[in-house]
Amino acid sequence: MESRSVAQAGVQWISLAHCSLHLLGSSESPASASCVAGITGPEEREQQEPHPAAMSAEVETSEGVDESEKKNSGALEKENQMRMADLSELLKEGTKEAHDRAENTQFVKDFLKGNIKKELFKLATTALYFTYSALEEEMEHNKDHPAFAPLYFPMELHRKEALTKDMEYFFGENWEEQVQCPKAAQKYVERIHYIGQNEPELLVAHAYTRYMGDLSGGQVLKKVAQRALKLPSTGEGTQFYLFENVDNAQQFKQLYRARMNALDLNMKTKERIVEEANKAFEYNMQIFNELDQAGSTLARETLEDGFPVHDGKGDKRKCPFYAAEQDKGALEGSSCPFRTAMAVLRKPSLQFILAAGVALAAGLLAWYYM
């Protein structure tokens, strides 16, 4: 159960949920759980594979079972049918395939192993910020809608304020001027706004996908991030995973599911919610894939403008500095100057100084040879 929750959290990545951070989540968490073509709906599965209780009732009737046993069998069948009609059960069963696919994306697997760079983590946090901003804006607009009102828990669940603190930690006070919504997250945001303004009953799918995953694995993902990125143990940079107003995540999730099951929705609407939850997973996977691409770009930054750079590890023969110095006995404790030089040369102010120095030298040489 815990391993599934951890993966779910990874998916919420985040959240971005939820997969359940989940990522994207796990013993306490993300971000959510984050439509898969060909996924079989609940009613269709019942037609293909008769429920065991129904099959049992048929056999007993054919064998002439007494009336009391038939009543018990009928009651059991009715109870099972009612349970399978619960929205929480429909969502759990109807998103299994999408959940498994999301938790097996490369980004989620790498994150859970602690293989993540700070720049990539910052990008993921940015995607989460825009996603939750949109979701909580539409939840606020529809907090009195009968199909969503029972699930409105701003004090316990809302993440925008926490994500704002994380963005300030990573980007500084003027972070809003530095960031923009990633392309994949923008598609997710647009879908959430469309749902909130046109089909608010489907907000349940996005809230379930994100917050349930966040509550499931947030604490595990928080520890992974703190360890991998050497973040402060006091919580700076990982406020997203902290639910200060939820004392017991497991009990709160039970309450949330009970509220979901009590919503006055017909079966057709419930099936649409399941379909929308699968779409939420798809949007999360698109974000993960975009982060994978960004990670690949960061990994390729071992070469700058044609100059090989070396971090002092691996094959030293690949670095011209080590190749030239290997016979001088000066390698111990030294680091390749190319990395430092390229970092310096990327700064505009130093580029200007270098250019000015070159121009001055050229002028002196010209004067000398006149």
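This is a predicted model: local features need pLDDT of at least 70, side-chain atom pairs count only at pLDDT 80 or more; totals for chains, interfaces and linings use all residues.

Biologist: Is α5 parallel or oblique to α14?

Modeller: Helices here are DSSP runs (H or I, at least four residues), as strands are (E, at least two), numbered from the N terminus. Axes are lines fitted to C-alpha atoms, for helices over the stretch in contact, and angles run from 0 to 180 degrees between N-to-C directions. Helix α5 (residues 87–94) and helix α14 (residues 267–299) pack at about 40 degrees, with axes 9 Å apart. Under 35 degrees counts as roughly parallel, over 145 as roughly antiparallel, 65 to 115 as roughly perpendicular and the rest as oblique, so α5 is oblique to α14.

Biologist: Which residues of α5 make the contact with α14?

Modeller: Contact means heavy atoms within 4.5 Å. From α14 come Met267, Lys270, Ile273, Val274, Ala277 and Asn278. From α5 come Leu87, Leu90, Leu91 and Gly94.

Biologist: How many nonpolar residues are in the contact of α5 with α14?

Modeller: Ala, Val, Leu, Ile, Met, Phe, Trp, Tyr, Cys and Pro count as nonpolar, Asp, Glu, Lys and Arg as charged, and the others, Gly among them, as polar. The contact of α5 with α14 has one charged and two polar residues. Its nonpolar residues number seven.

Biologist: Is alanine 277 buried or exposed?

Modeller: Alanine 277 lies in helix α14. Its C-alpha atom is 6.4 Å from that of threonine 209, 68 residues away along the chain. Buried means under 20% relative accessible area, exposed over 50% and partly exposed in between (1.4 Å probe, protein chains only). Alanine 277 has 0% relative accessibility, so it counts as buried.

Biologist: Is α6 roughly parallel or roughly antiparallel to α14?

Modeller: The axes of helix α6 (residues 96–103) and α14 come within 9 Å and cross at roughly 10 degrees. That makes α6, relative to α14, roughly parallel.

Biologist: Is α12 roughly parallel or roughly antiparallel to α13?

Modeller: The axes of α12 and α13 come within 10 Å. They cross at roughly 165 degrees. That makes α12, relative to α13, roughly antiparallel.

Biologist: Which residues of α13 make the contact with α12?

Modeller: The α12 side has Val204, Ala207, Tyr208, Met212, Leu215 and Ser216. By class, the contact of α12 with α13 divides into nine nonpolar, one polar and one charged. The α13 side has Ala249, Phe252, Lys253, Tyr256 and Met260.

Biologist: Which residues touch the most other members of the largest nonpolar core?

Modeller: A nonpolar core is a set of buried Ala, Val, Leu, Ile, Met, Phe, Trp, Tyr and Cys residues joined through side-chain atoms within 4.5 Å. The largest one has 67 residues. Its largest share, 12 residues, comes from α12. The members that touch the most others are Phe121 and Tyr256.

Biologist: Where is lysine 230, and is it buried or exposed?

Modeller: Lysine 230 is in the loop between α12 (203–229) and α13 (249–261). Its phi is near 55 degrees, a positive value in a residue other than glycine. Most residues other than glycine have a negative phi. At 72% relative accessibility, lysine 230 counts as exposed.

Biologist: Is leucine 231 buried or exposed?

Modeller: Leucine 231 is also placed in the loop between α12 and α13. Leucine 231 touches residues including Lys118, Phe121, Tyr169 and Phe170. Its relative accessible area is 7%, so leucine 231 is buried.

Biologist: Which residues does serine 88 touch, not counting residues up to four places away in sequence?

Modeller: Serine 88 sits in helix α5. It is buried, with a relative accessible area of 10%. The C-alpha atoms of serine 88 and methionine 260, 172 residues apart along the chain, are separated by 6.6 Å. With that sequence limit, serine 88 touches Arg257, Met260 and Asn261.

Notes
Residues are numbered from 1 along each chain as its sequence is written. Side-chain values use heavy atoms; hydrogens and water are left out.
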